[in-house]
Amino acid sequence: MLTIGKPYIEEVGNGKTRLCSRISNNGVSEILYYEVESEYGKYLNDDRCDAFLVGLINSCMYNGESVVCEGKLTEQLLFQLNMYYIPIISDLFSDMNEIQIEADTTNEPVINAGFIGTGNSGGVDSTYTMLKYSDKSLNSYKLTHVLFTNISTNDYDDSRIRALFERDIPLKKEAAEYLGLRPISVYTNLYSFYKQPGIFNHYFAQQYCSAPLALGKLFKAYYFSSTFKANDYSMDENFIVSSGRYDIFSLKTLTTVNMAFYSAGTEVDRMDKLDYICDSDYTKKFLQVCAIEQSAGGKNAAAKLNCGYCNKCGRMIGLFYAEGKLDEYADIFDLSFFYANKAKFIGRNVESDQGAFAKKVVQMLKQNHKYPAGTWLYRVYYHIRYKLAKSKNLVTIYHKFKGVQD
């Protein structure tokens, strides 16, 4: 049984304010917090446990831990989690368990400032959302604020996570202000309550949405950037690669009379998003798809915003090269490896992707006579390599051969 203590607000100095709750489990208690600039402290919602429950729910379901909330929950949220999210997710996915939630509820509305938020990871999905929803024609549903959080971390070293987060704040602030939007940084130790990184990053919508819920007195709606088009919706455990496949469902269970969550970008696929954003001056300055620092704080101190080597960089470089636009992104991508190894670079990234996006890039490369000689050979090599990598026994033999301990 996990207990979520009544939320409270704490001033921590250095211009920062936290929304906190004491989380107790098996005689051990820790403070879970969401930290913002003090100017936004008045918007932290200490009237409800909503943010804390939503942030922790996937960990609790994985661990089979029922929850008791010592503070109040929004009745609609509790109803939707108990009646839809928990039973459906636990039934469909073998690693998730059905749990019980006990809490006093309230129907009192949360008085909020009526603003609209989204998150900025820097990638294609969030860039599309920021550009698309900052259109003034949306009137009262025009995007107003952009959150930058550390929730996507795949690390457990707080000092390293904090250092990278603080390092990127100026750039994220500049990016928001470039579009006339107001930036908010939200730092949380939520990751430390997930002892299984795969669960934290696989079932991710709830974790991300806990941040705007913490700022429940600021937002009336939040645009969660979708990963997939609506017609790619799936809840098949054997098919999905992440909860992005069904965030339309997940977000519906979080939407209440106090705050609406929208799966932004489900009307288009990845290529449509890229077509929409690629000619924007904003994109050429702030697009940040690089994955080099998502694991253990990064192993490569890239001189530019994007390392130009990892698979995520490779996807974009291949596309921009096929379209004849790559040099327009030279300020934010390290292109040295690509230009020195075109055939190998494209062959590796196409075979590591193996999806509709990769097929489209290959088609464009050939149509535009930009398919490097020898690429086919590298594709054969990487195709075999990635196929073999799916064999657990072969991977074990490889690591033993290399002297790596299991």
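In which sense do strand β9 and β10 pair, and over how many bridges? Good morning, everyone. Strand β9, residues 115–119, and β10 pair in the parallel sense over 3 bridges. Two strands count as paired if DSSP finds at least two bridges between them. The helices (H or I, at least four residues) and strands (E, at least two) are DSSP runs, numbered from the N terminus.

Some notes on the source come next. This is a predicted model, in which local features need pLDDT of at least 70 and side-chain atom pairs count only at pLDDT 80 or more, while totals for chains, interfaces and linings use all residues. Residues are numbered from 1 along each chain as its sequence is written, and side-chain values use heavy atoms, with hydrogens and water left out.

Let us return to β10. Right-handed here means that, with the strands pointing away from the viewer, the path from the first strand over the helix to the second runs clockwise.

β10 also pairs with strand β11, residues 182–188, in the parallel sense over 5 bridges. Arg182 in β11 is the bridge partner of His145. Together, β10, helix α4 (residues 158–178) and β11 form a right-handed β-α-β unit.

I turn now to helix α13, residues 356–367. Its buried residues are Phe357, Ala358, Val361, Val362, Met364 and Leu365. These residues lie on the same side of α13 because they cover an arc of only 165 degrees around the axis, the arc being that of the directions from the helix axis to the C-beta atoms. The face turned away from the buried side carries the exposed residues Ala356, Lys359 and Gln367. What covers the buried residues of α13 includes α8 (270–277), α10 (311–322), α12 (342–353) and α14 (375–388); contact means heavy atoms within 4.5 Å. After α13 comes His369, with a positive phi near 55 degrees.

Note on methods
Buried means under 20% relative accessible area, exposed over 50%, partly exposed in between (1.4 Å probe, protein chains only).
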